[in-house]
Amino acid sequence: QVQLVESGGGLVQAGGSLRLSCEASGRTFSSHAMGWFRQAPGKERERVAAISQSGSRTYYADSVKGRFTISRDNAKNTVYLQMNSLKPEDTAVYYCAAKTGAWNTGPYTYWGQGTQVTVSS
């Protein structure tokens, strides 16, 4: 069982930056690939970034490529999402998620409770 707790959301002006953190419980964090998802009101959930178990491989949705950076610190059981050049359309609830197995395919097993990010224009 893995429990995930996100933090770092908030209100920011367009063009600003935020860093989200997601801390995982347990001793198996390094065996889990991690992802960041977001869901805006009335829209489907979107995967915005993912990172392999070792951190050597990453994925970004086209909508955030070049602006967001995912990273992880396995010693701290934490995954991060650095978000720069934020736009109003980045406004959403952001969730982190964990999975075992293939890092970039298949469903995620564990989910955090989400953190709200609001970007004002």
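In what order do the 4 strands of the open sheet lie, and is their pairing parallel or antiparallel? In this predicted model, local features require pLDDT of at least 70 and side-chain atom pairs count only at pLDDT 80 or more, whereas totals for chains, interfaces and linings use all residues. Residues are numbered from 1 along each chain as its sequence is written, and side-chain values use heavy atoms, with hydrogens and water left out.

The order is β1-β3-β8-β7, with antiparallel pairing; strands are DSSP runs of E of at least two residues, numbered from the N terminus, and two strands pair if DSSP finds at least two bridges between them. β1 (4-7) and β7 are the edge strands, each pairing on one side only. From one strand to the next, the twist averages 15°, with axes being lines fitted to C-alpha atoms and angles running from 0 to 180 degrees between N-to-C directions. The antiparallel pairing of β1 with β3 extends over 4 bridges, and Glu6 has Cys22 in β3 as its bridge partner.

Cys22 also forms a disulfide (cysteine sulfur atoms within 2.5 Å) with Cys96, the sulfur atoms lying 1.9 Å apart. This pair links distant parts of the chain, joining Cys22 in strand β3 (residues 18-24) to Cys96 in strand β9 (residues 92-99), 74 residues apart. The torsion about the S-S bond is about 45°, so the disulfide is right-handed. Both Cys22 and Cys96 are buried, that is, under 20% relative accessible area with a 1.4 Å probe, protein chains only.

Technical notes: Buried means under 20% relative accessible area, exposed over 50%, partly exposed in between (1.4 Å probe, protein chains only).
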